[in-house]
Amino acid sequence: MPLARSLTSVALVALSASACAATALAATALAAGPERAGWPVPVPVVTPGVVSTPGHQPGRAGAEPDTTRLANPSTGTRLAARGDAVVLASRGSDADTPDADTWHVDQTTEGVRVRNTATDRCLTGPATDVRPGARVGLRACDGAADQRWALRPSGDGGWTLAHGANRHLVLGVGYEGDRPATAVLAPAAPDPHPEHVWAADDH
C-alpha cells in the first residue's frame with residue numbers, strides 16, 4: 001500500500017500560497033463574521049481540482065490520495081479506528097479491521113479532512129460538548145466544521161491539528177488509568193505539549 005506523509009504535503013501547499021491569496025482569505029474570513037475570522041492560520045490554499053501528495057505529481061481531485069499513519073511520538077501510539085471510536089494503538093495492535101490505523105489526509109479550502117481508510121469515516125470532534133477532554137470519534141464525512149482541522153507546525157517536525165469548531169482546541173491524548181487510550185480535544189498552546197504533536201509514520 002502506498003503511504004505518504006500527507007501532513008507535510010498539506011503544509012507545503014499552505015506555505016507556498018502567495019501573500020495576496022493569504023490576504024484574500026483573511027478578508028473573506030473577517031467578512032463572514034467572528035467565528036469565521038477565528039479560523040486558525042495558515043489555511044491550506046488548494047488549486048481547484050488538484051490534490052498534491054509528497055513524492056508524487058499532483059493528481060486530479062477524485063483520485064484516491066495516498067494514506068499515512070498518524071503517530072503520537074510522545075506516547076509511541078497511533079490513531080486507529082474501532083467502530084465509531086478513535087483509539088490510540090500500539091503498532092500491530094487494536095486493528096479490528098484491515099487498515100484501521102491508516103488515514104487519508106484530504107485537502108479542502110477550509111482546512112484538512114482526516115478520513116479513516118478502513119471505515120471511510122472522518123475524524124470528528126464533538127458537535128456540542130466542545131471542551132478539553134471531550135472525545136474525538138468518527139462519523140460519515142459531511143464537511144461540517146467539526147470534521148475540519150487546521151495544521152500548525154510544532155517546530156520539531158511534527159504538527160498539531162486544531163479543531164475547526166474551536167480554534168483553541170487541538171487533537172490530544174486521553175488516558176484510561178495510566179495508559180494512553182483515546183483521542184481527545186486538548187487546549188492549544190503557543191508551545192505545544194508533546195502529547196499534542198502528531199507525525200506521519202509510514203512504517
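1. Which residue does a disulfide join to Cys-122? The partner is Cys-141, with an S to S distance of 2.0 Å. This is a predicted model, and the count of disulfides in it comes to 1.

2. The pair links distant parts of the chain, 19 residues apart. Cys-122 belongs to strand S8 (residues 121-124), whereas Cys-141 sits in the loop between strand S9 (137-140) and strand S10 (149-153). The torsion about the S-S bond is about 100°, so the disulfide is right-handed. Cys-122 is buried at a relative accessible area of 0%, while Cys-141, at 29%, is partly exposed.

3. As to the chain overall, it contains 3 helices and 14 strands. Of its 203 residues, 46% are buried. Among contacts with a separation of 6 or more, 55% are made by residues 24 or more positions apart.

4. The largest nonpolar core comprises 22 residues. Those with the most contacts inside this core are Leu-79, Trp-103, Val-114, Leu-123, Trp-149 and Leu-171. Several strands supply at least two core residues each, including strand S4 (77-82), strand S6 (103-108) and strand S7 (111-116). The largest share, 3 residues, comes from S12.

5. Beyond its neighbours within four places in sequence, Leu-123 is in contact with residues including Trp-103, Val-114, Trp-149 and Leu-171. Val-86, Val-136 and Leu-138 are also among its contacts.

6. The whole structure holds 13 salt bridges. One of them joins Asp-101 and Arg-69, whose closest N and O atoms are 3.2 Å apart. Asp-101 lies in the loop between S5 and S6 and Arg-69 in strand S3 (residues 69-72), so this pair ties together parts 32 residues apart in sequence. Both Asp-101 and Arg-69 are buried. A network of salt bridges links Arg-69, Arg-78, Asp-101 and Asp-201.

7. A further salt bridge connects the side chains of Asp-84 and Arg-121 at 3.1 Å, N to O. Asp-84 is in the loop between S4 and S5 and Arg-121 is in strand S8, so the pair ties together parts that are 37 residues apart in sequence. Asp-84 is partly exposed at 46% relative accessibility, and Arg-121 is partly exposed at 25%.

8. Asp-120 and Arg-115 also form a salt bridge, with the closest N and O atoms 2.7 Å apart. Asp-120 is partly exposed, with a relative accessible area of 46%, whereas Arg-115 is buried at 10%.

Terms used
Residues are numbered from 1 along each chain as its sequence is written. This is a predicted model: local features need pLDDT of at least 70, side-chain atom pairs count only at pLDDT 80 or more; totals for chains, interfaces and linings use all residues. Side-chain values use heavy atoms; hydrogens and water are left out. Helices (H or I, at least four residues) and strands (E, at least two) are DSSP runs, numbered from the N terminus. Buried means under 20% relative accessible area, exposed over 50%, partly exposed in between (1.4 Å probe, protein chains only). Contact means heavy atoms within 4.5 Å. A disulfide is a pair of cysteine sulfur atoms within 2.5 Å. A nonpolar core is a set of buried Ala, Val, Leu, Ile, Met, Phe, Trp, Tyr and Cys residues joined through side-chain atoms within 4.5 Å. A salt bridge is a side-chain nitrogen of Lys or Arg within 4 Å of a carboxyl oxygen of Asp or Glu.
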